[in-house]
Amino acid sequence: MADADCLFCRITSRQVKADIVAETGELLAIKDSNPQAPTHLLVIPKEHIPTLADATDGHTVLLGSALQLANQLARQHQLSQGGYRVVVNTGAEAGQSVFHLHVHLLGGRPFRWPPG
Ligand code: 5GP
Ligand code: ZN
């Protein structure tokens, strides 16, 4: 299941260090090492799923749990009232650079729409 060449598999298995902010049985949440906002966290399923496009009906609960953990972390970081952005870059054209599904939680500054 885990991919030895995958950075986020190596982070979830603790082979590569990261600043961990939350963990559940299925998910790890870390600080992004190149933050694009005052709060920039990544919610990462421990299962290696390359992109959202690879998710199946069997991942429905996992995907819901990832969003709900992002919601909880946003509350903990006092982002819920002002607002925040949740992003899942899917595929190279959308800017995905690490091909292990993850949810970005960004907050603490205004965001424009449409995104670039
Ligand atoms: P993507 O571009 O795939 O949507 O997002 C990948 C994210 O992972 C980027 O925001 C990037 O800054 C972050 N990232 C890349 N390498 C590392 C790392 O080694 N540690 C951490 N914590 N984040 C990383
Ligand atoms: Zn992986």
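Ligand 1 sits in the largest pocket of this predicted model; by sitting I mean that more than half of its atoms lie within 2 Å of the grid points of the pocket. A pocket here is found on a 1 Å grid over the protein atoms alone, as an open set of points where a 1.4 Å probe fits, with protein on both sides within 12 Å along at least five of seven lines, and its lining residues have an atom within 4 Å of a point. Because the model is predicted, local features need pLDDT of at least 70 and side-chain atom pairs count only at pLDDT 80 or more, while totals for chains, interfaces and linings use all residues. Residues are numbered from 1 along each chain as its sequence is written, chains are lettered from A and ligands numbered from 1 in the order in which they are written, and side-chain values use heavy atoms, with hydrogens and water left out.

The space in the largest pocket comes to about 650 Å³, a volume being the space filled by probe spheres set on the grid points. Its lining has 30 residues, and Gln36, His40, Asn89, His104 and Leu106 are those nearest the centre. Sorted by class, the lining holds 13 nonpolar, 11 polar and 6 charged residues. Helix 1 gives the most to this lining, with 3 residues.

Which residues come nearest to ligand 1 itself? Among the 17 residues around it, they are Lys31, Asp32, Asn89, Ser97 and His104, where being around the ligand means having a heavy atom within 4 Å of it. This shell divides into 6 nonpolar, 9 polar and 2 charged residues, and helix 1 is again the element that gives the most, with 3 residues.

Turning to polar contacts, that is, pairs of N or O atoms within 3.5 Å, a backbone N or O atom of Lys31 lies 2.9 Å from a nitrogen atom of ligand 1. An oxygen atom of the ligand is 2.9 Å from a polar backbone atom of Val98, and an oxygen atom of the ligand is 3.0 Å from a side-chain N or O atom of His102.

Finally, the backbone: the peptide bond from Trp113 to Pro114 is cis, with omega near 0 degrees, and Pro114 is found in the segment after strand 5. Arg14, in the loop between helix 1 and strand 1 (20–23), has a positive phi near 65 degrees although it is not a glycine. Helices (H or I, at least four residues) and strands (E, at least two) are DSSP runs, numbered from the N terminus.

Terms used. A polar contact is a pair of N or O atoms within 3.5 Å; within protein, one must be able to donate a hydrogen and the other to accept it, and residues adjacent in sequence count only if both atoms are side-chain atoms. Ala, Val, Leu, Ile, Met, Phe, Trp, Tyr, Cys and Pro count as nonpolar, Asp, Glu, Lys and Arg as charged, and the others, Gly among them, as polar.
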